[in-house]
Amino acid sequence: MTHTEPGFIDVHAHFSLPTTPTMRQRILEASHANNFLVPEPYEWRLDATLDFMDETGTALQLLSNVPAGHETLYASNDYGLEIVAQHPSRFGLLAALPTDDAPAAIEETRRLNGADGWAVTTVYNGRSLAEPHLDPLWERLDSQHAVVFIHPNAYAPSTAGLPTPLIEVAFDTGRTITGMLYAGVFSRYPNITFVIAHAGATVPLLAGRLSTLGGEAWVPNPHGLTTLDIQTALSRLWVDTAASASDQQMAAAATVFGDAHIVYGSDWGVACTNSASAKRNIHALHTTQAITPDTRAAIPTRAAKLFPEAARRARPDAVLTSARYR
């Protein structure tokens, strides 16, 4: 059965620089030491990515990768631009910013002014996105009405003997977004569109507690946020569906951020996501009863509003070619 809807626009898709077998084996061993028991070394491949996109009816991926070292980060951004130049109708780039160094991050926004948006991690080399040293960066991005994708810290150590991608990324996201909230980032820079990975992770669960207790006198609150301010700031955030299209997560995300602020993400391109898990998430998105049918139908291509230029490049004949994941 063939469908005629435009293909998915995927805001949460990863890539990585080419690696050697020795490098991949070293990464595997480090992963196992951190309780992430992937069975074999992972290698991001362009051909496998394009095959996955064709199989799932994905028109366009917005690629992101935020390596820990500055020089590697710059090389990764350059490589991402090369991929986009080779396949402009299939990929866009969310260029990484080294947020442990605000001047360096600002310089990277100048150097890569052809990027479709920006990618940052919650904690980069030990420094949180909630720290005030980043104010000059936020000011610049606010003036540009930029889209900034916030990903959890993939290099965080595991907790409770369980792999980081399973639970720690969710709590890491909740801590950082709450810190940014009280630092006034969302209220002081309203022209930045922040997209939070994984349906906001634990943020929707914290939202009720923040609404109840967040304005109490015993909470450090340098910008004097009221509970209404907190609710308003959170409602401006956007989230993606990567590994998060379950009824529970979609219901929570829609309640806190609004139906219209959910976009599609696959989390393709990393070892914790394979074809089977990505397809299960697509099926969950198509079948969830936690959001309205109109919202379900809008999510796959809604990111065109955030990335209009990338959406214009998207392959016009890319459609959802199979009903098997519905």
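Colleague: Is glutamate 309 buried, partly exposed or exposed?

Modeller: This is a predicted model, where local features need pLDDT of at least 70, side-chain atom pairs count only at pLDDT 80 or more, and totals for chains, interfaces and linings use all residues. Residues are numbered from 1 along each chain as its sequence is written, and side-chain values use heavy atoms, with hydrogens and water left out. Buried means under 20% relative accessible area, exposed over 50%, and partly exposed in between (1.4 Å probe, protein chains only). Glutamate 309 has 43% relative accessibility and so counts as partly exposed.

Colleague: Which residue forms a salt bridge with glutamate 309?

Modeller: A salt bridge is a side-chain nitrogen of Lys or Arg within 4 Å of a carboxyl oxygen of Asp or Glu. Here the partner is arginine 312, with the closest N and O atoms 2.9 Å apart. Arginine 312 is exposed at 60%.

Colleague: How many salt bridges does the whole structure hold?

Modeller: The search finds 12. One of them pairs arginine 24 with glutamate 43, at 3.6 Å between the closest N and O atoms. Arginine 24 lies in helix α1 (residues 21-33) and glutamate 43 in the loop between α1 and α2 (46-56), so the pair ties together parts 19 residues apart in sequence. Helices are DSSP runs (H or I, at least four residues), numbered from the N terminus.

Colleague: Is arginine 24 buried or exposed?

Modeller: Arginine 24 is buried, at 14% relative accessibility, whereas glutamate 43 is partly exposed at 37%.

Technical notes:
Helix = DSSP H or I, 4+ residues; strand = E, 2+ residues; numbered from the N terminus.
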